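Let's walk through it together, one part at a time.

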Amino acid sequence: MKNYSLITGSSSGIGRQIAIQLSKNNNVIISGTKLSELKKTKKLCSKNNNIIIWQYDFKNIENLNNNLERLILKNKIYINNFVHCSGIAEVGPFRLFSLSSIYKTLNINFLSASVISQLLVKKINKKKLKNILFISSLASEIGVNGHSFYSASKGALDSLMKSLAIELAPNIRVNSILPGTIKTKMNENIFKNKNLSNKIQEGYLLGSGKISYIADYAVFILSDKAKWITGQKLIIDGGKSSHG
């Protein structure tokens, strides 16, 4: 049975780039909701290793556990690295959020990561898991106007990371990466508004960030070069958080 790295949210953005870079030296499971985009990611991945597509919508938490378990058993694989990149950012005033929007945000950003992590530390994966890495957000640390439930879901993710790092040590390392604002498909509307984009980018001491910056760091954290790093919220934000 072969080892695989599972990357959720790999149909675009940071998740796609992490999958591409990991595929150079790892078998990879790419996960997302849009099959056409996952097929594009697969084409961009290295041909030297195996790529499995797992199409699933994380709004559906109830069937997530069983669906992933079937994937593992059907393909006769182990998962040694889990990277959770799936995320949704619904923006608006706190008072106007519907309950369905809140549930959707929590399911995709936080609860799906919890369900997957729990399954992977059970007997089905036979203690093969080595790394859990959550792609969180700087918004969980500094707060962002209009992002109340997005920020809350990422804060929950970081809190889960801290507890899991303690509980799963020393065999499994658990960390979060907290990127600053980077141009991805999820927040492309922000960058279309020049005034808003310029305001957000103020304070990034090293200029605008790129998807590749986050992917490079993710690959490092999953490697043996980072074998003494666990339980950390690793902020990559071009210096934004250095002055609030």
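What follows is a short tour of a helix, some charged pairs and a pocket.

Keep in mind that this is a predicted model. Let's begin with helix 1, which covers residues 13-22. Eight of its 10 residues are buried, so the rest of the structure largely encloses this helix. Among the buried ones are Ile 14, Gly 15, Ile 18 and Leu 22, and also Arg 16.

Now stay with Arg 16, whose side chain meets that of Glu 37 in a salt bridge (3.0 Å, N to O). Glu 37 belongs to helix 2 (residues 35-44) and Arg 16 to helix 1, so the pair ties together parts that are 21 residues apart in sequence. Both Glu 37 and Arg 16 are buried. Lys 40 joins in as well: Arg 16, Glu 37 and Lys 40 are linked in a network of salt bridges.

How many salt bridges does a search of the whole structure find? The search finds five. One of them pairs Glu 141 with Lys 233, their closest N and O atoms being 2.7 Å apart. This pair links distant parts of the chain, with Glu 141 in helix 5 and Lys 233 in strand 7, 92 residues apart. Glu 141 is partly exposed, at 40% relative accessibility, and Lys 233 is partly exposed too, at 34%.

Finally, look for the second largest pocket, with a volume of about 270 Å³. Its lining has 16 residues, and those nearest the centre are Lys 130, Asn 131, Arg 173, Asp 224 and Lys 227. The lining is made up of six nonpolar, six polar and four charged residues.

Conventions
Residues numbered from 1 in each chain as written. Predicted model: local features only at pLDDT ≥ 70, side-chain atom pairs only at ≥ 80, totals over all residues. Heavy atoms only, no water. Buried < 20%, exposed > 50% of the residue type's maximum accessible area, 1.4 Å probe, protein only. Helix = DSSP H or I, 4+ residues; strand = E, 2+ residues; numbered from the N terminus. 1 Å grid on protein atoms, 1.4 Å probe; cavity = no way out; pocket = protein on both sides within 12 Å on 5 of 7 lines; lining within 4 Å. Points joined across faces, edges and corners; volume = space filled by probe spheres on them. Nonpolar A, V, L, I, M, F, W, Y, C, P; charged D, E, K, R; others polar. Salt bridge = Lys/Arg side-chain N within 4 Å of Asp/Glu carboxyl O.
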